[in-house]
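Please study the sequence and the structure shown below before reading on. The briefing that follows is grouped by topic.

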Number of protein chains: 2
Amino acid sequence: MAVSLSVDYIKDFIRPHEWAAMQPLVTAAHRQLHDGTGAGSDFLGWLTWPADYDREEVARIKAAAARIRDTADVLVVIGIGGSYLGARAVIEFLRSPLYNSLRAGGPEIYFAGNSLSADALSEVLALCEGKRVCLNVISKSGTTTEPAIAFRVLRAYLEKTVGREEAARRIFVTTDRSRGTLKQLADREGYETFVVPDNIGGRYSVLTPVGLLPIAAAGCDIDALLAGAAQAMQALQEPDLTKNDCYRYAAARNILLRKGRAVELMAAYEPRWAMMSEWWKQLYGESEGKDGKGLFPASVIFSTDLHSLGQFVQDGTNLLFETAVLLGPAQREITVAPDADNGDGLNFLAGKTLSEINRKAFQGTVLAHADGGTPTLVLSVDRVCEQELGYLIYFFEKACAVSGYMLGVNPFDQPGVEGYKKNMFALLGKPGYEDRRAALEQRL
Amino acid sequence: MAVSLSVDYIKDFIRPHEWAAMQPLVTAAHRQLHDGTGAGSDFLGWLTWPADYDREEVARIKAAAARIRDTADVLVVIGIGGSYLGARAVIEFLRSPLYNSLRAGGPEIYFAGNSLSADALSEVLALCEGKRVCLNVISKSGTTTEPAIAFRVLRAYLEKTVGREEAARRIFVTTDRSRGTLKQLADREGYETFVVPDNIGGRYSVLTPVGLLPIAAAGCDIDALLAGAAQAMQALQEPDLTKNDCYRYAAARNILLRKGRAVELMAAYEPRWAMMSEWWKQLYGESEGKDGKGLFPASVIFSTDLHSLGQFVQDGTNLLFETAVLLGPAQREITVAPDADNGDGLNFLAGKTLSEINRKAFQGTVLAHADGGTPTLVLSVDRVCEQELGYLIYFFEKACAVSGYMLGVNPFDQPGVEGYKKNMFALLGKPGYEDRRAALEQRL
């Protein structure tokens with residue numbers, strides 16, 4: 001397959017017998033995952049999702065997306081965490097970080113309900129002004145504070161501007177199959193609904209309706225995305241880590257963590273990857289950051305940040321390893337032209353494409369960072385397209401699950417996320433949290 | 001002043017005598033800085049810049065910005081590292097991360113020459129199509145690969161579309177006062193030029209013409225920005241760290257690093273701060289990440305990333321401390337309205353503003369993270385405006401210099417950035433790098 005992991009540049013950092021020592025742990029994790037005997041096994045729906053997904057629902061998603069593309073100037077996607085990062089990452093990767101400025105056809109897409117910023121929500125409202133607006137609200141329960149507030153505000157805005165009946169045609173709800181306040185509201189108002197599966201956690205949900213509706217609305221081919229994931233599902237079943245790049249990635253990061261590399265720095269050489277790194281941070285940070293364990297996931301875009309964090313990676317505290325992401329050919333190539341004056345001294349590059357130069361920048365960087373003591377794993381993606389991205393998403397999801405089991409955590413829960421919520425509810429006077437409030441206020 | 005640092009939430013992590021123990025180190029660093037006796041003292045121009053800057057040049061910058069605002073649909077800012085991050089961060093902070101979509105008057109602003117991505121540069125070219133375009137190229141030497149390539153491409157585009165003479169009126173160059181290929185080209189072609197000061201490094205240069213021209217072109221008040229910095233210059237001269245928040249910040253991060261907190265996580269509660277964190281990462285990462293030392297700077301936006309990295313911060317590996325950034329009142333407030341059905345269960349928030357709720361989220365988070373073992377420094381900015389931002393920029397710059405001296409590094413050099421460049425030049429066959437090439441190619 002056209003997604004592959006190279007460990008060539010960590011040879012000096014991991015000895016051959018270290019790989020062999022990881023195989024029993026990989027095999028055990030593989031078993032836990034495939035036999036459903038590990039912690040969190042209620043949340044393994046993603047593992048066979050590319051085979052199991054509801055074809056009828058995906059057809060409805062495509063129809064809804066086509067309707068949105070035909071009738072809306074703006075789509076506001078309301079969600080937080082896994083109900084936000086995946087869709088945005090895929091759209092920016094496949095289309096562009098400048099999607100809204102560059103798009104030819106299809107709606108502008110804005111994301112709301114992913115913070116408590118009044119200004120951010122006000123800006124989205126301002127951008128809706130005078131335009132035909134659709135909403136896609138994504139929340140399993142309907143009661144998560146951030147998206148629930150944004151939906152209350154945006155729904156009121158839409159009903160005020162186009163009336164309740166027309167608003168009902170423009171609101172698309174992705175929520176629980178049968179329970180929850182958002183499902184009840186959708187049924188009452190007649191909103192079209194899509195299902196957040198019970199057995200797939202938020203951070204594993206990008207290939208479910210959670211991600212698929214906004215992605216399809218941006219004009220991406222969700223069938224190809226799912227087909228790529230199905231291909232990965234088939235290809236990545238081999239427990240032998242020397243034959244399975246996904247498990248090799250899981251093993252490498254566990255080895256490096258155990259050597260004191262506490263931070264994994266994802267370094268992509270294309271700006272379109274930036275939000276994919278954010279998606280990856282949630283996937284890995286939330287899956288592994290528990291019980292006092294886990295690699296801290298961070299990210300950079302090179303060569304941009306070689307002129308920023310590059311100094312630290314080259315010569316700072318030795319606590320990092322890098323995972324470089326290389327993408328296949330540019331969609332629109334640029335070749336450096338010769339210049340009669342050569343005032344900028346660039347004529348030695350004349351006739352070379354930017355992509356060739358970028359590749360040399362990567363090679364130069366990997367070697368320089370190795371010399372500085374920072375090892376680099378290299379993940380190559382041959383083409384920027386739906387199919388390879390679907391493969392890659394599944395690759396990261398499966399590697400994360402196996403890596404988490406090797407680390408000795410439940411890769412599918414997130415108990416720590418409740419901490420701030422409970423405190424916030426108590427401080428806001430939410431009924432049921434009275435006991436906690438006084439004790440907290442004393443500490444402020 | 002309306003920018004202040006609170007150490008209330010690290011009481012359990014730093015004992016009183018630890019602060020006292022830092023005072024002699026702070027005093028020594030303060031002396032090194034103000035007496036010019038520390039390493040890198042050729043690059044202290046920023047220290048008195050708010051008093052020293054050339055008023056005539058700032059007047060020319062305002063005139064050029066007014067001309068750009070009057071005559072251009074698009075301004076492309078070409079630069080990398082310190083010639084990129086500061087301007088973009090200030091514009092997104094003062095205006096919006098969605099500046100291009102929301103702006104009323106003034107040009108769209110795009111940043112180019114900060115990567116080697118063919119697609120990113122192609123997209124900027126596509127966005128220029130059919131529009132009146134101005135360029136601001138920012139490079140001290142004119143030979144830095146990334147901006148030099150972008151400028152070669154964009155200048156050719158501009159000359160092709162409007163002719164060489166008109167292009168010369170639309171190109172603004174920020175470069176060395178007298179030397180270098182870019183200065184020579186500008187003089188030959190008659191481009192208006194602004195000066196990159198000799199004694200201010202890239203990451204300290206946002207308040208020089210490097211940052212000021214794009215910032216002014218976005219409609220921001222650069223006089224107020226400089227006035228805020230001047231206020232900070234006066235206010236932050238006190239060596240007693242109990243009376244100087246800037247030095248307290250420098251001391252706190254050194255204490256926490258020495259306790260094994262190797263990562264500083266900047267956590268802002270407003271999305272408009274996101275690029276300021278990137279600017280801060282360069283400032284601190286490049287100043288301190290050397291000789292195997294330094295805090296690794298990372299960033300999140302909360303509450304967004306409480307649904308992502310929040311789990312890690314709450315309960316993962318104990319290697320972080322947080323620096324929370326709180327911003328004053330929203331520019332456009334939103335109040336939660338009551339809802340007859342209360343299907344989303346949010347009526348307990350009715351009548352509250354989003355900013356109030358956001359503040360409770362912050363308080364709840366700080367206490368939860370403290371319970372989880374992660375201390376938080378709190379930096380408060382009373383108002384989102386030029387003056388306070390100017391103060392804050394100077395605050396961070398001075399704290400960084402003092403922090404670097406306390407760490408025992410030269411906060412003003414960046415020898416590690418050369419590593420990848422030399423390798424890249426060798427691999428690209430640049431004249432003068434032949435010796436290196438064969439050895440590198442063998443390792444690939």
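In this predicted model, A:S303 lies in the loop between β8 (296-301) and α14 (310-315) of chain A; helices (H or I, at least four residues) and strands (E, at least two) are DSSP runs, numbered from the N terminus. A cis peptide bond, with omega of about 5°, links A:F302 to A:S303. Local features need pLDDT of at least 70, side-chain atom pairs count only at pLDDT 80 or more, and totals for chains, interfaces and linings use all residues, while side-chain values use heavy atoms, with hydrogens and water left out. Residues are numbered from 1 along each chain as its sequence is written, and chains are lettered from A and ligands numbered from 1 in the order in which they are written.

**Backbone geometry**

- Most residues other than glycine have a negative phi, and most peptide bonds are trans.
- In chain B, the peptide bond from B:F302 to B:S303 is cis, with omega near 0°.
- B:S303 belongs to the loop between β8 (296-301) and α14 (310-315) of chain B.
- A:N342 is a residue other than glycine with a positive phi, near 55°.
- The loop that holds A:N342 runs between β9 (320-327) and α15 (354-371) of chain A.

**The two chains**

- Two copies of a chain are related by a rotation about an axis and a shift along it.
- Contact (heavy atoms within 4.5 Å) involves 122 residues of chain A and 122 residues of chain B.
- The copies meet through the same surface, because 100% of the interface residues of chain A are also interface residues in chain B.
- About 10100 Å² is buried between chain A and chain B, 62% of it on carbon and sulfur atoms; buried area is the accessible area (1.4 Å probe) that two parts lose on being put together, summed over both.
- On the side of chain A, the residues that lose the most area to chain B are A:R152, A:F296 and A:H307, together 9% of what that side buries.

**The parallel sheet of chain B**

- Five strands of chain B form an open sheet in the order β3-β2-β4-β5-β6, with parallel pairing (two strands pair if DSSP finds at least two bridges between them).
- At its edges are β3 (108-112) and β6 (192-195) of chain B, each of which pairs on one side only.
- Neighbouring strands here are turned by 20° against each other on average, direction ignored; axes are lines fitted to C-alpha atoms, for helices over the stretch in contact, and angles run from 0 to 180 degrees between N-to-C directions.
- Strand β2 (residues 74-78) of chain B runs parallel to β3(B) and is joined to it by five bridges.
- Within β3(B), B:Y110 is the bridge partner of B:V76.
- Helix α10 (residues 209-217) of chain B packs on this sheet and touches β2, β3, β4, β5 and β6 of chain B, its direction making about 160° with that of β4(B).
- Helix α9 (residues 181-189) of chain B lies across β4 (133-138), β5 (171-175) and β6 of chain B and runs at about 145° to β5(B).

**The mixed sheet of chain B**

- A further open sheet of five strands in chain B has mixed pairing and the order β1-β10-β9-β7-β8.
- Each of the edge strands, β1 (3-6) and β8 of chain B, has a single partner strand, so one side of each is left without a neighbour in the sheet.
- Six bridges pair β7 (residues 263-268) and β9 (residues 320-327) of chain B in the parallel sense.
- B:M266 stands opposite B:T323 in β9(B).
- Helix α13 (residues 274-288) of chain B packs on the sheet, touching β7 and β8 of chain B, and its direction makes about 175° with that of β8(B).
- Helix α15 (residues 354-371) of chain B lies across β9 and β10 (376-381) of chain B, at about 165° to β9(B).
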